[in-house]
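Here are my notes on the model you sent over.

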Amino acid sequence: MLLYPLLTSWVARELEQKNKGMRLESARTSEARKAVWLTLFDARQTAEKKKLHLFFSLRPGQQLFFFAPVGEAKNHPGWENFDSGLGGAFVKTVRQKGNDSVIEMAFTHREPSYGGDFSLRFVLFGNEARLELLKPPDSEKSERIWPKEISGDSPKTVDEFVLTFSGAENYLNRHSEIPLNESLRKALRIPAFLSLEFLHLAQIDPEASFNAVSPEQKKSLQETIRPLFEQKDFTPTLIFEKRQPKGISPLLLQSTKTEKQKQFDLFLDAFSYAAVWNELKKYEKKLEVEKKDLQERKGKIETELKSFENPERLRQMGDLILAAKDKTAPRSTKLVTENWYENPPAEIRIPLDPAKTARQNAEAYFSKFRKSERALELLPKRIKETENELKKVEGLLNRIDAEETVEEKWRLVQELETLYPSPTTIKKVKAKEKPQIGWTFWTKDGFQFRVGRSSEENDRLTLYEAKKNDLFLHASQSPGSHVILVAEKRPFPKEAILEAAAAAAYFSKARHSTKVNVDYTEARYVQKPRKAKPGLVVLMRSKSVMVYPKKPERQNNAET
């Protein structure tokens, strides 16, 4: 993506028109993605705090600034606050700085008691792309630079030369001997495709020098490039090459054959479309891989289905082997017999396993017959499921290439982020998920109780999961599961204790006894002796109850 100073100045103007007076909520940075995320909101809208999310990509070759719809920051791991003291300031101005692709956003707190004014400068050229925090009185000395590794490298300073129409004319006059295509590109600091377009509109040969063109052609060229500095009559156009955003032009190209050109109302919209296109291309690769895997899976299932096309013949071969078992010699590799299933009967050769008896060979064929019947029932369903998955993937791929608005493209990105979360997101979700400890049941009164499934789970359930006032139950003098009856604000009714005790009796070695004695106490009175084996605990005080072992019936509280 080609970024040039004139384009930066046009976007800075649009940013100021859109953001002036907006309030900064936070400024976040991401080392992994090398991007800056500003969250802005309109402080005048008290009823609904509508937020705008402005991103600056600092990645070389992908320098972009765009708005994107995102959720809360807590749902996006990998971002951290650049400076927590910046929040609450209002956007004062947005300007292009110097003659490079640099944007400077000035902020004010309005009330001095909340903090002083400051500026955020976004340097978007080459490997020195960075974010700078500037504060008066020395507004040219960066107080903080991100990424941190750039800070000690004496980054390139931003000069104050401003690109002007007269300056461009002077440059062309000073370099009047070189081809205009090259001198115009350097004079205006624009991409080659744009200098070719201006020369085409002025009807000038790109290889001609500035000295060689006529005064009428020079005047035509002046009239062609003058709107660039007056910032009017623009048609922001995103140029594609090899299905990738190549650059943004202020007008529709006529001189250059391009793969695709897409027009927008604002340069910001063009940048946003380029950003969402780059995001979608990442998912396109994943979808293409998934599509190929699904096609291969479908082919394998169809091949397997063809191998089970005639299951009835397997059953017939098993019957024929049983019918001729007395005539089959031991360790035979084949059986030659008459196939009475055909009309008229014909000779058939049936392969045999010499290590098996005739009856075992017949059973093997019957087993293959049953497997074939199941396969004929299940494999078409698997093919249908695979085809449905394939249609979904193909539908997403078609939506990526479809002509949609920027908002629709971002919604597609959000949908794909849900379907294909990043490794960082997956890691964060897994960290929050706690493994299920034990089985969970509910009594008729709606009390929850949990049952340990192993000695290790018993320890975790009783010693770490249970609260002090939860009720601990265990079959007396018998190995078994720990049962924890979860306490609520209401007292435990006798029926709930009996139900949990019956479960404790059932999940013990005494489950086949007529009646089982079950000890119970509050979890605070359960202790584990030092160096005791897993599951072994001591009750400091307890009560007991005699119950019939009974398996709990309900594993959810849907009926309570």
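1. Of the 560 residues in the chain, 44% count as buried (buried is under 20% relative accessible area, exposed over 50%, partly exposed in between, with a 1.4 Å probe and protein chains only). Keep in mind that this is a predicted model, where local features need pLDDT of at least 70, side-chain atom pairs count only at pLDDT 80 or more, and totals for chains, interfaces and linings use all residues. Residues are numbered from 1 along each chain as its sequence is written, and side-chain values use heavy atoms, with hydrogens and water left out.

2. On the overall build, the chain has 13 helices and 23 strands. Both come from DSSP runs numbered from the N terminus, with helices being H or I of at least four residues and strands being E of at least two. Take the contacts between residues at least 6 apart in sequence: 59% of them join residues at least 24 apart (contact means heavy atoms within 4.5 Å).

3. Have a look at helix α10, residues 406-419. Its 14 residues reach 20 Å from the first C-alpha to the last, close to the 20 Å expected at 1.5 Å a residue (the expected span is 1.5 Å times one less than the number of residues). Which residues of α10 are buried? They are Val-406, Lys-409, Trp-410, Leu-412, Val-413 and Leu-416. These residues sit on the same side of α10 because they cover an arc of only 155 degrees around the axis (the arc is that of the directions from the helix axis to the C-beta atoms). As a reminder, an α-helix has 3.6 residues a turn, so residues three or four places apart point the same way.

4. Now for the surroundings of that helix. The buried residues of α10 pack against β4 (64-67), α7 (267-306) and α9 (358-401). Glu-407 and Thr-418 are exposed, on the face of α10 turned away from its buried side.

5. Next, a helix pair. Helix α3 (residues 165-174) packs with helix α4 (residues 180-188) at an angle of about 145 degrees, and their axes are 9 Å apart. Axes here are lines fitted to C-alpha atoms, for helices over the stretch in contact, and angles run from 0 to 180 degrees between N-to-C directions. On the α3 side, Ala-168, Tyr-171 and Leu-172 make the contact, meeting Leu-180, Ser-183, Leu-184, Lys-186, Ala-187 and Leu-188 of α4. By class, that contact has 7 nonpolar, 1 polar and 1 charged residues (Ala, Val, Leu, Ile, Met, Phe, Trp, Tyr, Cys and Pro count as nonpolar, Asp, Glu, Lys and Arg as charged, and the others, Gly among them, as polar).

6. Ser-209 is worth a click. You'll find Ser-209 in the loop between α5 (192-201) and α6 (215-230), and it counts as buried at 13% relative accessibility. Leaving aside neighbours within four places in sequence, Ser-209 is in contact with Ser-176, Glu-177, Ile-178, Pro-179 and Leu-180.

7. Two peptide bonds to check are cis, with omega near 0 degrees: Trp-146 to Pro-147 and Asn-343 to Pro-344. Pro-147 is in the loop between β10 (142-146) and α2 (148-151), while Pro-344 is in the loop between β14 (334-339) and β15 (346-351).

8. Gln-477, with phi of about 55 degrees, lies in the loop between β18 (471-475) and β19 (483-485). Arg-243 counts as partly exposed at 34% relative accessibility, and Gln-477 as exposed at 82%.

9. Last stop, two spots further along. In helix α12 (residues 455-465), the residues Glu-457, Asn-458, Asp-459, Leu-461 and Thr-462 are buried, and their cover includes β17 (448-451), β18, β19 and β21 (526-527). Ala-510, in the loop between α13 (494-506) and β20 (516-522), counts as buried at 14% relative accessibility. Setting aside neighbours within four places in sequence, Ala-510 is in contact with Ser-478, Ala-505, Val-516 and Pro-549. From Ala-510 to Pro-549 the C-alpha distance is 8.2 Å, and the two are 39 residues apart in sequence.
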